[in-house]
Amino acid sequence: MTIEQAREQMGMSRKDVSEWLGIPYRTLQNWEIGERQCPDYVERLVVEKILRGKEETKEEQ
């Protein structure tokens with residue numbers, strides 16, 4: 001799963017992910033549109049954080 005797929009699955013915008021995880025918006029955008037290559041290990045960690053983080057937020061409510 002890509003960052004974009006995880007983000008869209010969870011209903012998050014690029015801005016949401018950027019602000020939440022502290023990743024510059026332009027970096028995230030470049031990864032998603034293929035301008036730059038996100039390291040595989042970073043992508044896996046970000047995807048996991050998006051999927052888990054959103055779930056944890058739901059559990060807190």
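Predicted model: local features only at pLDDT ≥ 70, side-chain atom pairs only at ≥ 80, totals over all residues.

Residues are numbered from 1 along each chain as its sequence is written, and side-chain values use heavy atoms, with hydrogens and water left out.

**Helix α2.** Select residues 14–21, which form helix α2 (helices are DSSP runs of H or I, at least four residues, numbered from the N terminus). Within α2, the buried residues are R14, V17 and S18 (buried means under 20% relative accessible area and exposed over 50%, with a 1.4 Å probe and protein chains only). These residues lie on the same side of α2 because they cover an arc of only 100 degrees around the axis, taken from the directions from the helix axis to the C-beta atoms. Turn to the other side of α2 to find K15 and E19 exposed.

**W31.** Move to helix α3 (residues 25–33) and select W31. Which residues does W31 touch, not counting those up to four places away in sequence? They are I3, I23, R36, Q37, C38 and V42, where contact means heavy atoms within 4.5 Å. Show also T2: its C-alpha atom is separated by 9.7 Å from that of W31, although the two are 29 residues apart along the chain.

**The nonpolar core.** Finally, select I3, A6, M10, M12, V17, I23, L28, C38, V46, V47 and I50, the eleven residues of the largest nonpolar core. Such a core is a set of buried Ala, Val, Leu, Ile, Met, Phe, Trp, Tyr and Cys residues joined through side-chain atoms within 4.5 Å. Helices α1 (3–9) and α4 (40–60) each supply at least two residues of this core, and α4 gives the most, with three.
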